[in-house]
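Trainee: I have a structure open and would like to work through it step by step. Where do we begin?

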Amino acid sequence: MNDKRARALLPIVLAIAGGILLFNLIAFAFGQAPASALRLAFEGTWGTPYGLGQVLFKATPLLFTGLAFEVALRAGLFNIGAEGQLGLASLVGALVASNLPASLPMPIALPIVLVTAAAVGALVAFIPAILRARRGVHEIITAIMVNRIVDAILPWTFSTVLGSSSLRTADIAPGAALPRLDRVIPSFAGSAASFAFPLAVATVFAAMALLGRSRPGREIRWVGLRPEACRAEGIDVERRMLLAMLLSGAIAALAVSSTALGYKGYYELGLGAGAGWSGIAVAMLGRGKAIGIVLAAIFLGTLEQAGLAVNARVPREAMNVLEATLIVLVAVASRVASQGARAAASADPEPEPPRDKPAPTPASEEARS
Amino acid sequence: MKKVIAADPGLRAARYPRGAMRGPVMKIEDIAVRYGDCWSIRSATITLEPGVIHAILGENGAGKSTLLKAAAGFAPRVAGTVKIEDGAAAIGMVHQHFMLVSAFSALENLVLGNEPTGSFGRLDLTKARREAEALMEKTGLRVNLDARTSDLAVGERQRLEILRVLYRGARAILLDEPTAVLSPLEAEELYTTLGALAEGGATIAVVTHRMDEVIRFAGHVTIMRRGRTVLSRPIAADERNHPKRLEDELTRAIMGGEPPHEASPPALAEDAEVALSIEDLVLVDAAGKRVLDGLRFAVKKGEIVGIAGIEGNGQRELVRAVAGLEPGVAGAIVLGGARLPAVRSTGDLRKRRRAVAVVHEDRHADGLMLDASVGDNLVLGELDQIDGPAAEAALIKHRIDRFGVNPPDPARRAGDLSGGNQQKVVVARALDRIEASPERALVVLGQPTRGVDVGAAATIHGAVVAAAEKGLAVLLVSADLGELKRLSHRILVIHRGRIVAELPPTAADDVIGRAMLGMEDA
Amino acid sequence: MSSIFSLTMLAESVRIAVPYACAAIGGVWAERAGVIQIGLEGILLTGAFTAVAVTHATHSPTLGLVAAIVAGVALSLGHGQLTERARVHAVISGIALNLLALAATRMGLRALYDSASNSPGIDAFRFGPTGATGGAMLLRVLADPVFFCALAAVAATPFVLRNTRFGLRVRAAGENPVAAASVGISVTRVRLAALAVSGAICALGGAHLAYDQQRFESGMSAGRGFIALAAVVVSGWRAGRAALACLAFGVLEALQIVLQDEVRKTAIGDLIQTLPYVATLLVLALAPRRAGAPEGLGKHAAE
């Protein structure tokens with residue numbers, strides 16, 4: 001068992017080590033003494049309570065988008081449309097929140113806004129989902145198209161529909177806002193970490209538990225593993241795929257809680273952009289475990305915050321380079337680890353000729369390993 | 001990557017002025033082969049010489065195919081030596097699953113890997129065609145070179161494979177179960193061709209599980225049992241005059257000391273009522289071919305009906321149609337007197353699953369989630385009928401115990417089980433579920449013991465018989481005539497989507513074989 | 001309305017279609033060899049950036065073009081190493097490739113030109129007559145060496161795939177890698193070679209995009225790689241038809257540009273920009289299901 005856990009952790013350790021090495025290389029290329037850039041990055045993140053708060057703030061949307069990618073991946077689907085799902089949901093959510101009466105208490109206002117946002121996210125995800133389930137069109141192409149369309153809808157809504165030139169919504173009702181964490185942890189003062197963080201962590205654990213134990217959750221995973229076998233046994237494959245994709249869109253949309261609701265108090269164009277992409281890295285690093293997703297989100301949140309801390313010396317885009325590289329590193333490392341694990345599995349004495357054609361590994365498992 | 005000798009006939013003629021085809025002697029000494037956790041060959045020793053047909057015989061799972069692959073250099077050998085006169089280049093292998101690109105023309109497949117080219121790497125298909133036609137003339141193996149490979153009949157595809165091997169200049173040809181997909185007549189033609197090639201000096205080895213082929217055509221026989229070669233000797237011409245004696249000797253070697261797994265069908269009441277009745281089933285595939293063409297037959301309660309036929313004559317579609325997975329099927333499937341409604345939704349499919357259990361012939365594609373646990377696989381599609389985690393765990397344990405799934409660990413990844421244990425999981429799910437269902441009526445099994453070791457096959461056969469004893473009608477589709485004859489009350493022969501003969505299980509193999517060809521007098 | 005049926009319109013359509021077509025042909029090469037390639041977008045972007053950076057440094061658009069091709073080949077081969085040798089899932093590798101290209105070009109902009117959005121202008125190829133008439137525009141588009149390379153790639157691809165040994169092996173690797181390997185073909189090597197071709201042609205499209213704008217802009221590929229992929233799917237993985245589909249997209253986008261000023265005043269406004277994306281969705285939704293996909297797409301010769 002211990003050995004198994006070590007194998008699961010090894011890819012992450014290797015990937016992070018590789019990531020730090022790469023960061024040093026980039027820093028060096030920009031004429032920085034590597035250690036000094038690293039120290040700067042550390043001081044800006046885990047070095048102070050404020051930095052830590054910022055890390056949690058940056059990690060919060062990634063918790064949602066990482067979970068969203070994971071949910072779809074369970075069904076063998078790649079939801080790379082989180083950007084669009086979150087974008088439109090943020091806009092609509094903030095619009096609803098800004099139109100709620102100021103006297104509405106939080107227990108009513110907040111759920112209204114979150115449910116609206118989730119519904120919009122699911123709706124945006126519905127387009128690639130239905131095209132995949134009914135027409136067999138690959139969800140990646142369609143999700144990108146939808147992202148692009150949302151990209152155009154957002155400014156159009158501000159300029160043409162709302163007739164505003166500021167590209168932002170009005171302030172949201174106080175009942176819809178999530179308080180900052182510095183209310184309970186005063187040393188976080190000044191950082192933008194809000195109660196969206198505990199909300200996100202709770203969502204991750206609750207969703208992962210449901211996915212693992214509930215009937216729909218398990219069937220989603222089975223459909224991702226081998227749709228033909230599920231279809232033959234009477235599981236509605238299309239419906240499970242749709243469900244996974246809609247859930248994914250809804251979860252991605254919840255990231256609005258940390259941006260418009262927990263931070264700005266309104267939505268402006270570009271707020272939360274990029275979280276959808278980073279969510280992919282979070283899911284890949286998270287290895288299909290709730291705790292993995294939480295740690296991965298915090299790690300990538302650290303990267304983002306560190307990017308800001310070193311920006312004066314090393315462009316913060318370096319952190320995005322790092323993120324993309326990490327996806328590859330962890331994928332390669334875990335592939336190697338899983339092959340090792342399979343070779344090390346205990347032997348079965350019954351000889352069998354390899355007569356059956358090797359069955360292709362389904363997308364959802366292969367993507368992870 | 002292996003370098004392939006140029007297929008220029010002139011060159012070959014120059015190198016081998018007389019007896020142009022003399023094949024290499026292949027000495028395989030005490031090899032062992034392992035796939036992952038499974039020992040496929042523990043110890044095998046065999047010498048293949050040119051001039052005769054070598055037959056390699058054995059039970060399912062005895063390691064015969066692997067032996068061929070090891071000889072051709074495709075199998076991961078962990079011990080032993082393979083010595084081949086003048087290098088590996090002269091060996092060609094015809095795999096059981098044809099290695100052809102179905103979107104290519106026959107000619108393109110023929111030249112693939114050994115293409116004649118003009119300037120700038122341009123394909124010289126004219127030259128290829130000339131050579132191919134000369135080769136077809138010489139060997140008598142005829143293939144329509146311009147047809148799309150997916151349109152070729154199975155026999156034609158096999159001829160194409162053999163032609164390709166010859167085209168590449170191979171002088172040793174290893175064939176893995178070549179007759180499994182052929183009619184008896186085609187099989188005879190194949191052996192005639194192979195015999196002629198062997199006489200011409202080629203080295204020929206054939207893996208088969210058909211005793212009659214060995215006795216009639218082979219000049220040398222090797223028996224494998226449980227990963228070991230237990231017998232390897234030439235067959236003298238006069239031995240063929242006493243086929244019974246030879247057959248007894250070979251059978252003993254194949255079975256070893258083990259008792260033959262004798263399952264027999266339960267007694268069938270004279271007045272048993274009809275459980276399943278298939279009426280004028282028609283299914284047209286995407287290409288417009290009638291893969292099921294007016295199929296009709298009936299199965300009584302407690303009766304096991306075997307379906308025999310050459311592969312690709314509608315067996316797979318029959319199983320899928322009864323399973324409710326072919327929405328385009330016309331005609332009636334009547335179960336217990338009531339016509340089954342068409343399956344329009346998965347709800348309908350679940351309803352049918354309560355009356356009809358199905359084991360699909362390709363367990364990796366349609367039956368099993370290799371990356372899920374054994375436990376998940378055992379309750380696939382059943383979660384709505386199970387009451388909570390405790391009940392689920394109990395059910396899984398019951399199924400593992402009843403079918404002897406080994407190792408008995410519900411958390412184990414199904415893909416890590418041996419093929420036999422994987423099949424036990426699939427059969428356990430189908431049979432155990434249906435037996436508990438109040439609406440139970442029918443079990444349909446497609447190739448339930450293909451690629452499965454002897455022990456697992458015995459377990460599965462026992463479970464099939466037990467299901468029939470409980471009053472279920474059983475439809476057993478199998479390419480294994482022995483299995484059909486042991487288990488069935490009646491054998492129906494399917495040919496081009498129709499039932500062309502109904503035979504008793506005591507019918508001789510060649511009678512069944514002629515019927516499989518669709519011959520009138522059967 | 002006459003502006004719709006004019007030489008200007010034709011010139012615009014062809015000009016716009018070139019990057020799409022290059023990416024689509026790149027996609028055909030990768031996927032006919034059996035490698036899922038959703039990283040075309042990233043290769044376009046990298047090609048564009050490299051072309052501009054090298055042209056800016058050397059004042060030679062030819063060198064820029066060569067550098068772009070080298071970069072495209074390198075990225076494409078990297079994808080191949082990951083999917084074919086390390087056996088990383090091709091979709092994950094493709095996503096990472098796209099993200100990497102986007103981030104790395106941004107970082108490059110900051111590093112080289114200290115800008116977050118675009119590079120300084122460059123002098124790209126300039127052949128053909130000057131002037132604003134439709135005829136002159138068309139001649140300029142056609143006389144562009146990058147266009148010529150792209151045209152050659154479009155024309156040569158079906159021929160090479162059908163009539164050469166390399167093409168036959170590429171198709172075999174894509175249709176049935178197990179069968180290809182069984183006759184002694186190294187599927188990995190064939191696929192890497194096809195990916196090199198794919199990356200080169202796709203990067204050509206990136207260079208065209210950048211030379212057309214005479215500068216690099218962050219994220220300037222704007223989903224073209226994915227639209228090209230849609231063209232590949234809709235065309236049934238056939239090069240000629242995919243290029244035609246891209247030309248149709250060029251027409252559509254040119255139409256959008258012509259209509260833009262008038263539409264801007266209406267309620268639709270900026271939404272007209274979504275026309276290519278909406279059209280892609282519609283085409284994908286209405287086209288027949290996955291006809292013509294290589295059977296071995298994403299499969300390997302051996303575990």
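Predicted model: local features only at pLDDT ≥ 70, side-chain atom pairs only at ≥ 80, totals over all residues.

Trainee: How many salt bridges does the rule find across the interface of domain 1 of chain B and domain 2 of chain B?

Mentor: A salt bridge needs a side-chain nitrogen of Lys or Arg within 4 Å of a carboxyl oxygen of Asp or Glu. Across this interface of chain B, the number found by the rule is zero.

Trainee: What area do domain 1 of chain B and domain 2 of chain B bury between them?

Mentor: The size of an interface is often given as the accessible area lost when the parts come together. Here seven residues of domain 1 of chain B are in contact with nine residues of domain 2 of chain B. Carbon and sulfur atoms hold 54% of the buried area, and the area between the two domains of chain B is about 700 Å².

Trainee: How far apart do the C-alpha centres of domain 1 and domain 2 of chain B lie?

Mentor: Domain 1 of chain B covers 25-103 + 170-255, and domain 2 of chain B covers 274-368 + 439-516. The distance between their C-alpha centres is 32 Å.

Methods. Residues numbered from 1 in each chain as written. Chains lettered and ligands numbered in written order. Heavy atoms only, no water. Domains from an automatic or database assignment. Contact = heavy atoms within 4.5 Å. Buried area = accessible area lost by both parts, 1.4 Å probe.
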